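Reader: Can we go through the salt bridges here? Keep it brisk.

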Amino acid sequence: MDVPVVRILLLCSSFNGLSQRCWLELRRAGHDVRIELAVSERAMLEAVEQGKPDLVICPFLKEKVPAGVWQRVRTVIVHPGPPGDRGPSSLDWAIAEAEPEWGVTALQAVEEMDAGPIWGYRTFSLPVEAPRKSALYNGAVSDAAAELVVEVARKADEPGFVPVPLDYGRPEVRGRLRRAMRRSDREVAWEEPTEVIVRRVRAADGSPGGLASLCGVVVRVFDVFRGPALVGRPGTVVARREGAVLVHTGDGTVWVGHLRREPDGVKLPAAMVLGERLGQLEERAGYTEVTYERSASVGVVSFDFYNGAMSTDQCRRLASALRYAVAQDTRVLVVRGGEVFSNGIHLNVIEAARHPELEAWMNINAMNQVCREIVSCSGQLVVASVAGNAGAGGVMLPLGADRVVAREGVVLNPHYRTMGLFGSELWTYVLPRRVGAEVAERLTREALPVGAVDALALGLVDEVVGGSRLEFERWVLEYAERLAGDGGFDELVAAKGVRREVDEGRKPLEAYRVEELAEMSRDMFDDRSGFGAARRAFVGKARVVVTPEHLTASHM
């Protein structure tokens, strides 16, 4: 049965991962979806006037919807809390107070914030260990929101549907009005137990971060993990490792991966922010972003870089791990990303460098080496395990693998244009090889997100698997073991070698790299396409003043 097409205006503060996911799911359901960023009240009103939508959906909206919008068109807010939850700090409180269960609610906009009738909701369990707010938002919240917006669009076309008024007497309405978190709620006292510190910081990660003092500097704290049970003066930095620092707490230690100087510094690896204040600290094991483990026939290189950004140093460490893994006697190599698979080069580290253009150049060359290690692996089959979202060069990185497996719900942004870059990471080889030259040109020109299911249809990925991240990773390992035990394994490896040899004869891999870098040098050093301004706007979280043209042109 055909689903009636609903004209939907997607109104959002930014076209972030959750907004992109909702846009993709609504389009997959066959609806006509237009995007408008809530840059001003006037822009929101004009979008409704010009677009004449049947329904307005707000998947991520910090601003209040103007009365002129919700009084004219049914407007549904996607709120990151269970029925009855109200307020702007929902996820923060859920993590801080160790709620065992949370949810997402679709409610109709009315004059009073978050008090409208309910169109639908989803609930899910929260882990015992405090999740990072960004991980919760991009994981369970995003999954629930994607389901809900499709349900909302379906109900909007049902003549008899009436949303349920908010009634705190109903058993499913278990939430409550909570105030916005204050600065004092974010303060980290290093004398407190490690568990308290980890939960407080993760409730504020990635924004605004925990608030603390380290080495005499007032900082925002991000990306924390429990450290070893060492005794020392709370607040003392005792060791470092791969950009992170180890800090004494009231009952042990905590690894701090990232900091931002107050009031307006750039979020960076903690050791970079503290710099010379650290003195001659020892390097201590126990914290690592890149690991290698293996069975008899399958090796796994795992990497988990904060927010998916990969600096020059991080790329070099990953390339080194890949070289080691390739040299082992395993038959299949799994390349497994983290919470965010990868977003390519590290714009924050680049912007904070003394010479940003030079750092950008070093970063892209190091990133290219990672990609080259994957493409050039000749003795094993390479499986890329993509459990989190990816963007720009972070999409191109896994495409060099022999098999790409993506978790259902993953959003890929296979383009560079919005950052003023031509791109590298051997994309001019690996992308057309998978999807063809015409589709590759369209994807990089349109600069729009691609969902996992659509990526499968295009040939960007080879398998899409549902389930939790742990279930997904277990499936990928089992898939790799099956490949390794395949009776035709030797033929698969031989065929891979023949294809690579034919491709190399047609045009060497080095030629792709050189041509891409020639373009990137003009972008990075000559700034021909606005890379400098785009980078500064991204790092400084500059407010968008108009909906970008490529988004306004994206509706059906």
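This is a predicted model: local features need pLDDT of at least 70, side-chain atom pairs count only at pLDDT 80 or more; totals for chains, interfaces and linings use all residues.

Reader: OK, take E97. Which residue does E97 pair with?
Author: R178. Their closest N and O atoms sit 2.8 Å apart.

Reader: What does that pair tie together?
Author: Parts that are 81 residues apart in sequence, because E97 is in the loop between α4 (90-96) and β5 (101-108), while R178 is in the loop between α5 (133-156) and α6 (194-202).

Reader: And R178, buried or exposed?
Author: Buried. Its relative accessibility is 8%, and the cut-off for buried is under 20%. E97 is partly exposed, at 37% relative accessible area.

Reader: Switching to D143. Where is its partner?
Author: D143 forms a salt bridge with R407, and the closest N and O atoms are 3.2 Å apart. R407 lies in strand β19 (residues 403-407) and D143 in helix α5, so this pair links parts 264 residues apart in sequence.

Reader: How accessible is R407?
Author: R407 has a relative accessible area of 13%, so R407 is buried.

Reader: Now K507. What is the N to O distance to E515?
Author: The closest N and O atoms of K507 and E515 are 2.7 Å apart, and the two form a salt bridge. K507 is partly exposed at 24% relative accessible area. E515 is partly exposed too, at 42%.

Methods
Residues are numbered from 1 along each chain as its sequence is written. Side-chain values use heavy atoms; hydrogens and water are left out. A salt bridge is a side-chain nitrogen of Lys or Arg within 4 Å of a carboxyl oxygen of Asp or Glu. Helices (H or I, at least four residues) and strands (E, at least two) are DSSP runs, numbered from the N terminus. Buried means under 20% relative accessible area, exposed over 50%, partly exposed in between (1.4 Å probe, protein chains only).
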